[in-house]
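Let's take a friendly tour of a protein model, one piece at a time. Keep the 3D view open as you read.

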Amino acid sequence: MIGSRNSLGTNCVGTGPAAPIKSRFTLVLLLACALAGALSAQEAPNLEEKPRSNLVIRVEGATRDWEVMPVALMYRSGGKGTIANSQGLLKLDREKWPSTGAPKRYKLDDWRKLFQEFTGADERAKAANFEFQARNPRAPNLQGVVTEKTAGRTTVYVVPADKVKIIGYPQTWINIYEDYVNKVQGPERRVAVKMWEEAFRSTIENPEQVATGFSTEERNEFAQFYQRQFEFIRNENPQDPAIYQELADYHRTRGNLDAELSIYLDGIANGVPSPKLEEFALSVGRIFVTRLALYPEAIAYLDMASAYAEARYLKARCQIEMGQTVAARATLRDLLAALAQGGETALVTTLSAEDENGRANLMLARVEFDEVQFKPAEATIKLIPAASQSYQEGQVLLAAMLTQRGLRDDHQKVKEVLDPLKVVLDGKKLKPEDPNAIIPFDPLMSQALVLYAQTDAQFRQAIDPKAKPQTPNATILTLLNVAKATDPLSGEPYLAEGRLKQRLGDFVGALEAYNAGLVIEPNSVRLSYSVASLKNKAGALDEAKDLCSRCLRQDARFHPALVMLGEIAISELDRLRENLISRRAAGEAVDIEAELLPVLKEAAAFLVGALEVQPNLPAVKLTLASLYLQLAEIAPATINSRADADKLRRAYLSKARDLALELMGSVRKLAERTTLTEDATLEEIAATPTPACFNVYAFACYSLGDFAPARQALEEHLRIVRGPDARKYFATAKVLNEYRGSEKAPSPAVTYAERWLAAIRANERQFVERDNFEGQYDPGFYGQWNIVNAPKADLGFMKSQNAGIKKGDLVLGVDKQRESDVVSRLSAPKDYATLTRFAARLRKRGDIGMFRGIALTRLSTNTGKGGAAPTTTVMLGVDPQGQVFWQVRKFKLDDQAKQEEVIAGDLIDIRTYNGPIGAESPLNLALLRRMSKDRSSIVYVAVVNGYEIELPLPESASDARSPNLDDKTLKIGCDFFMFGVQETGGEMAVEGVEFVFDSGLGKPE
């Protein structure tokens, strides 16, 4: 546990019971005396000492010392035999490093005792022989002294023990410094270990990592040993900060972070008095923040050291890293207030007043900038004193903010900010292509030059997408190359280069630049996103998704990646819908709603995440609101409970309505603008919401049953677009014109508003008539419906088993078609001038070999023959294969051979009505009549299960298209029809029908 006196981590001081605390003066006197005595008694370290793995001996008569490995001590005669051998007391005992297995420490007490007794001048040595294996030289030769004894492959040499002198034992660096320091006891060891460390400092630090120097394990071991030599002094007075400071300084200068930290924690735990207590707490907090990134752990120590300006500054940094920006602002503002009061607050500062003020304001500005609060950030940067060391950094931050904001003239402001800065002036003089040039490492210069390069017109001028790729400005490339050289660890110059080439149409070059930047800075979110953007545009969606996911792993709040993932999901949604419809058309059982729902939810989730990070994204809000409308349609279809499904539908509609309402408020505020410009940047255009949100709001309100607000929203939308102040609501006149479209080709948003508004106004004056086929009917009597006899129906029509009205259904049937392709009709004539909609609910599509469906037939009573005769009919139905089709037929009743003729028709693409339709599925068919926009003709619209498809009636159907609604001789027949080839038959059950009448159909709005 860090902080305990008896447990200091890996590099810590072991402690014993604390002695009674003495006065500082007494302790200093003791230390001075101990130091003087130790210096006089202790020999200086032998600088020739080196680790060795063999015993070094000197044999009388030899010209050099020998390195050997002892094998045995033997009695020469007398039968006493072995004194010691390598299997016993002469076995080399060593402690090893766990990580490498190399010797850590030799344990040679038995060797020392034996050789002291049985070598050299000792009487016992005269009766003994020393046997050894030679290491250096490999074959020692001393005639008359050395004899050779061979045992198998091993050669052992024998010399009289009394002619041997031990010069050195096997030793590691740990044996060397322990032997030196352990010669003295008590507090004098502190002096000895310091003397040894000073003598062998280069060997300990071993900057070249040579084999004869200290290894990492040996350095750590020595640090612990060094620290233990201070135990006596520390235990004498555990609250005296001097010994802690000395140890901490030692570990810091040698780069031993863990040991330094443990010393400060030990001093705090032992309660060193103020002001050292606060100073130690600041040191702990500084290490936690700047070296270990332990931000939550640091705050308690920084609070303890709050008398220091640096502690408050570091605390704000912790809060920023922890995402506590509100708290960070408060901490920095409190610090700035205390600095403003000067000496009145007793705040301890380590920098000049200007520098303290500058770094605090700079950090506060960074907080505002990171949260895209540009105005507060700019105001804070202006508070950084020009004499502060943070001034240039603040100005570069201001330039970055202006670049990101991208308002008009910001590029010029960036140049004005950067031009006077020394880093920019010096950077422009550098020539990275010169091999003899001295290029400094200066990240601030690199950042400033990247920002300066982006002020060039090539970064912002309009580019014709059809033009050939352009070449980047050579001066700008030079600035970016200098930026690369002055900060080779930054990917920002490559990001700027890639963006420039991408704007100029060189997409291959852009991708190369981005990838080169990622090699240098693989965790760069913006570089990964830039590559993702190129991949997305190239259609490599899987790669784009992977790159966006990488962005979010690095920064979960990087909202552009969330937006792109949402956009990719939407594009995948469109492809999935087409695929599902095609599969269903091929006969595969596909639940389209269930398949689409997860992708819709995923897209919505990504966009919600983006808005949580950056709420000011109007286009994203509009897209999300539109997704909610789709979810309101699709999600309920996957729920069995009708009540739950309706509740879910209303929930999604409410979300769409509320988002759209928020955007509507932003659009209305645009009318308050007093100045307009035609050179708005892309950023300004993106930040300006469009009136399309009124359409979403109207649709959501109408679907929720709030008809009046829906109408008002559409009316306001059209007033904005067509009003005299329309320009105020758009970023530029060009954007306005693109949004409006032209008279001949109005934009989809405007067309949508016009149609919906017309439909709502029509609904307000419409009358609805329904026929649910209730009551009792006699066979052959079909209520208001009559079999059409001009032209005549097939003889098998309404002769099937269930034909007629019964149990709430109208069943149309043919009992074996008598004559191929004769159309049979059941009709109810309605008012020609007001009927706008004829709709029927079929119990199921059915699976019969006949064409069947509904039709609107123009009837004229001005024939001179009495009654109403058909002139043209528009038919909508299902063919024998279950496909939806439409036809237009003209009638010539006088031509008995060909009373009716097909003049137009086609199958309806299943994708336009989310088909195909299963045989057992219900089918809602409707035909609408409405006036064209210029009111020159009547438009016919087919409706299949709620999906509208405008039918392209040919010119030859002019009488059906003619807007002659005032002709009192006309009627409109609402028909059911059936026909097929000879011998086919079947039935079609209708649950109910609806007629919609509009008295304003032929009148202008």
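## A pair of rings

Tyr529 has a relative accessible area of 23%, so Tyr529 counts as partly exposed. Keep in mind that this model is predicted. Phe558, on the other hand, is buried, because its relative accessibility of 13% is under the 20% cut-off.

How are the rings of Tyr529 and Phe558 placed? Their centres are 5.6 Å apart and their planes meet at 75°, so the pair is edge-to-face. Tyr529 belongs to helix α23 (residues 525-537), while Phe558 sits in the loop between α24 (541-554) and α25.

## Rings elsewhere

The structure holds 41 aromatic pairs. Some ring pairs build a cluster, whose members include Trp173, Tyr177, Trp196 and Phe200. Phe214, Phe222, Phe225, Tyr226, Phe230 and Tyr250 are also linked into this cluster.

The charged end of Arg889 sits over the ring of Phe979, at 5.1 Å from its centre. Arg929 lies over the face of Tyr832, and here the distance to the ring centre is 4.6 Å.

| Helix | Residues | Number of residues | Reach, first to last C-alpha | Expected reach |
|---|---|---|---|---|
| α12 | 309-321 | 13 residues | 19 Å | 18 Å |
| α26 | 592-613 | 22 residues | 33 Å | 32 Å |

For α12, the reach is close to the expected value, and the reach of α26 is close to its expected value as well.

An α-helix has 3.6 residues a turn, so residues three or four places apart point the same way. With that in mind, look at which residues are buried. In α12 they are Ala309, Glu310, Ala311, Tyr313, Leu314, Ala316, Cys318 and Gln319. These buried residues pack against α10 (276-290), α11 (295-304), α13 (325-341) and α14 (353-370). After α12 comes Gly323, which has a positive phi near 80°.

In α26, the buried residues include Ile592, Leu596, Leu597, Val599 and Leu600. Among the elements covering the buried residues of α26 are α25 and α27 (618-634).

Now step over to Thr325, which lies in helix α13. Is Thr325 buried or exposed? Its relative accessibility is 19%, so Thr325 counts as buried. Beyond its neighbours within four places in sequence, Thr325 is in contact with Gln319, Val367 and Glu371. Gln319 is also one of the buried residues of α12.

## The nonpolar cores

The largest nonpolar core has 144 residues. Those with the most contacts inside this core are Trp785, Leu810, Leu812, Phe838, Phe976, Val990 and Val993. Which helix gives the most to this core? Helix α25 (residues 559-585) does, with 12 residues. Another core, of 61 residues, lies apart from it and includes Val193, Val272, Leu277 and Ala360.

## A sheet of strands

Strands of a sheet pair through backbone hydrogen bonds, either parallel or antiparallel. Here, an open sheet of 7 strands runs in the order β11-β14-β23-β16-β17-β18-β19, and its pairing is antiparallel. The edge strands, β11 (786-787) and β19 (900-907), each pair on one side only. Within the sheet, 7 bridges join β17 (residues 869-878) to β18 (residues 884-891).

Notes. Residues numbered from 1 in each chain as written. Predicted model: local features only at pLDDT ≥ 70, side-chain atom pairs only at ≥ 80, totals over all residues. Heavy atoms only, no water. Core = buried A, V, L, I, M, F, W, Y, C linked by side-chain atoms within 4.5 Å. Buried < 20%, exposed > 50% of the residue type's maximum accessible area, 1.4 Å probe, protein only. Helix = DSSP H or I, 4+ residues; strand = E, 2+ residues; numbered from the N terminus. Expected span 1.5 Å × (residues − 1). Contact = heavy atoms within 4.5 Å. Pairing = 2+ DSSP bridges. Phe/Tyr/Trp six-rings, centres within 6.5 Å; stacked < 30°, edge-to-face > 60°. Lys NZ or Arg CZ within 6 Å of the ring centre and 35° of its normal.
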